Amino acid sequence: MEKLKQAVKEIAYYRHQAKFSKLHLSLIPFLSLSSSLYGALLYTRQSLYRSGFFSKNRLPVPVISVGNLTWGGNGKTPMAEFIAKRLADYGISPLILTRGYAGGDEAKMLKRHLLGGPVKVGVGANRVATANLFFEKYGYVDYRGSKFFERTYLDPKMGSHVGSQKIGAAVLDDGMQHWSLCRDLEIVMINGLMPWGNCKLLPLGPLREPLIAIKRANIAVVHHADLVLEQKLKDIKLVLQEIKESLPIFYTRMTPSYFFELRNISTKMHLGAVLDAVVLCVSAIGSPDAFVRAMEKIGPLFVDRFDFSDHYSFQLKVQCSSFI
């Protein structure tokens, strides 16, 4: 199955079919048909929302959506965490709404990073229902406008300490295609290393929507910008501005801070621990190339890699033969 997933990814990101194996070529007709069906369903769903047949919900607090147009590796979850922390720094208690995809590994990571702070993490496919559960528990404050509206469902006897946790904003992690929920700010994340692939819709290509959907965005963020050549960044900027000339574009990078032990995640190891060492990068993320290149920049003697598919569920015991 991993070999099949890897072949599909290679088809999506490489345009030169002359380099494809027989497996790649045999998959293309099925992927093309599936992509056409996906496109038709996508168009129908969009039309139903535009016509009002499918209703949209609005939360009583400002909503910031962090999403993307391609599959994983665009930095959505780290950006959602970053925004939530900045809101908390300004005294606004935010709620991150995440789907909990593939066992909820990203949700668990968010909860671990944000433990003990004012940021709350709600997990569930129905973001509106999840948000309402948190509003009922903590109350909410709407800071929009010169006069803000405050509401709480809490018993006044519980005291001001709980009241201070009233939710003031919601951050949608992977929210660009979650059309049932209105948002006040739409941020689209773009993987600078692999921005559009072959420009085809899933599963033939990496696109969840056609590139024209960038028009809905208020802000574009090019991720892994430090790993990309200047000319490629200019090409990405040109594509974005051709679709929406007024779109503000920002650039980000992922910078490792320390290592930790799997058996004791509270243990912090200095990055210099891998200097002059041989490092094996084992990952199950959307953009393993960025992870490997970041490790190489730290300065190990040699870096090798073993890539699993995004959100792969690791087992406690692995047969050694599976690595051969």
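I started with Glu-81, which is buried, at 9% relative accessible area (buried is under 20%, exposed over 50% and partly exposed in between, with a 1.4 Å probe and protein chains only). Before going on, I noted that this is a predicted model, where local features need pLDDT of at least 70, side-chain atom pairs count only at pLDDT 80 or more, and totals for chains, interfaces and linings use all residues. Residues are numbered from 1 along each chain as its sequence is written, and side-chain values use heavy atoms, with hydrogens and water left out.

**Salt bridges**

Which residue does Glu-81 form a salt bridge with? I found Lys-85, with the closest N and O atoms 3.0 Å apart; a salt bridge here is a side-chain nitrogen of Lys or Arg within 4 Å of a carboxyl oxygen of Asp or Glu. Lys-85 is partly exposed, at 31%.

I then looked at Asp-89 and Arg-86, whose side chains meet in a salt bridge at 3.0 Å, N to O. This pair is 3 residues apart in α3, again about one helical turn. Asp-89 is exposed at 55%, while Arg-86 is partly exposed at 34%.

Next came Arg-208 and Asp-174, in a salt bridge at 2.6 Å, N to O. Arg-208 lies in the loop between β7 and β8 (219–223) and Asp-174 in the loop between β6 (167–173) and β7, so the pair ties together parts 34 residues apart in sequence. Arg-208 is buried at 17%; Asp-174 is partly exposed at 25%.

I also noted a salt-bridge network linking Asp-289, Arg-305 and Asp-307. The count of salt bridges comes to 9.

**A nonpolar patch**

Tyr-258, Phe-260, Leu-262 and Ile-265 make a nonpolar surface patch of about 420 Å² (patch residues have over 30% relative accessible area and no salt bridge; like charges are joined within 9 Å, nonpolar side chains within 5 Å). Leu-262 sits in the loop between β10 (259–261) and β11 (264–269), and is exposed at 80%.

Note on methods: Accessible areas come from the Shrake-Rupley method with a 1.4 Å probe; for residues, only the protein chains shown count as cover. Helices (H or I, at least four residues) and strands (E, at least two) are DSSP runs, numbered from the N terminus.
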